[in-house]
Amino acid sequence: MAPEHYFSSASDSELKLRQISVQLAGREYTVTTANAVFSPEHIDTGTRVLLNNAPPPPSDGDFLDIGCGWGPISLHLALTSPDARIWAVDVNERALDLVRRNAAALGLTNVTAVLPKDVPADLTFRTIWSNPPIRVGKNELHNLMTTWLPRLQPGSDAWLVVQKNLGSDSLHRWLDEELSDEYTVSRATTSKGFRVLRVSRGA
């Protein structure tokens, strides 16, 4: 069974907030995390690999963070591209509340933390970054990919980090087969047991 944070919109457990120190966009920040969200003690290894290896994001536009958790990717993007609007998306309401808390504490007004259903249906994205929730299972993961990747704007890239022993290569092959010919899927880097996959949409 996947952990509670992957499937629960609202946690039954008592909220226990904690503050941790993290590196985001090249600087040290204090952020708030909590129980019943993904990796509350630190920025997990996969997310750190993504942040360290993906190129700088565009300077503006709408960005998407799929499965945002308490917000390390969204906060990094918002700090790096202050003129962009970052959509932090998760099914976990506690995680979304933490993203909002952290964005406010860091003075970031360009982060919108919402449930998937609350993203405007006609919105497309200049870039998509994600440490996707692999443990939800293959069907749910594939549904996530086919829901969001087609909303990548032409001429733009998505960056996904997936643990090698949790199926990064099989996801790479599946994306190659499933996405239309206007998409190219490539392995950008391998680090600490994780692959960073680049999904490019042709102009």
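The axes are lines fitted to C-alpha atoms, for helices over the stretch in contact, and the angles run from 0 to 180 degrees between N-to-C directions. Helices (H or I, at least four residues) and strands (E, at least two) are DSSP runs numbered from the N terminus. The structure is a predicted model, in which local features need pLDDT of at least 70 and side-chain atom pairs count only at pLDDT 80 or more, while totals for chains, interfaces and linings use all residues. Residues are numbered from 1 along each chain as its sequence is written, and side-chain values use heavy atoms, with hydrogens and water left out.

Two packed helices are described by the angle between their axes and the distance between the axes. For helix 5 (residues 138-148) and helix 6 (residues 168-178), the axes come within 12 Å and cross at roughly 45°. Helix 5 and helix 6 are therefore oblique to each other. The crossing of helix 5 past helix 6 is right-handed; a crossing is given this term if the near helix is turned clockwise from the far one by less than a right angle, and is left-handed if anticlockwise. On the helix 5 side, Leu 141, His 142, Met 145 and Thr 146 meet Leu 171, Trp 174, Leu 175 and Glu 178 of helix 6, where contact means heavy atoms within 4.5 Å. By residue class, this contact holds 5 nonpolar, 2 polar and 1 charged. In this scheme Ala, Val, Leu, Ile, Met, Phe, Trp, Tyr, Cys and Pro count as nonpolar, Asp, Glu, Lys and Arg as charged, and the others, Gly among them, as polar.

Thr 146, in helix 5, is partly exposed, with a relative accessible area of 31%. Buried means under 20% relative accessible area, exposed over 50%, and partly exposed in between (1.4 Å probe, protein chains only). With neighbours within four places in sequence left aside, Thr 146 is in contact with Trp 174 and Glu 178. A polar atom of the Thr 146 side chain lies 3.2 Å from the backbone oxygen of Asn 143. A polar contact is a pair of N or O atoms within 3.5 Å; within protein, one must be able to donate a hydrogen and the other to accept it, and residues adjacent in sequence count only if both atoms are side-chain atoms. Thr 146 and Gln 23 are 123 residues apart along the chain, and their C-alpha atoms are separated by 31 Å.

Thr 47, Leu 50 and Leu 51 of helix 2 make the contact with Pro 72, Ile 73 and His 76 of helix 3. These residues divide into 4 nonpolar, 2 polar and no charged. Helix 3 is largely enclosed by the rest of the structure, because 7 of its 9 residues are buried. The buried residues are Pro 72, Ile 73, Ser 74, Leu 75, His 76, Leu 77 and Ala 78.

Leu 50 of helix 2 is buried, with a relative accessible area of 0%. Beyond neighbours within four places in sequence, its contacts are Ile 73, Trp 129, Ser 130, Trp 159, Val 161 and Val 196. Ser 130, in strand 6 (residues 125-130), is likewise buried, at a relative accessible area of 0%. Its side chain reaches the backbone oxygen of Ile 66 at 2.8 Å.

Two alanines in loops have positive phi. Ala 25, in the loop between strand 1 (17-24) and strand 2 (27-34), has a phi of about 50° although it is not a glycine. At 34% relative accessibility, Ala 25 counts as partly exposed. Ala 36 lies in the loop between strand 2 and helix 2, with a positive phi near 65°. At 16% relative accessibility, Ala 36 counts as buried. The backbone oxygen of Ala 36 lies 3.0 Å from a polar atom of the side chain of Asn 92. Asn 92, in the loop between strand 4 (83-89) and helix 4 (93-105), is buried, with a relative accessible area of 2%. A polar atom of the Asn 92 side chain also lies 2.9 Å from the backbone nitrogen of Arg 94.

Technical notes:
Parallel < 35°, antiparallel > 145°, perpendicular 65-115°, else oblique.
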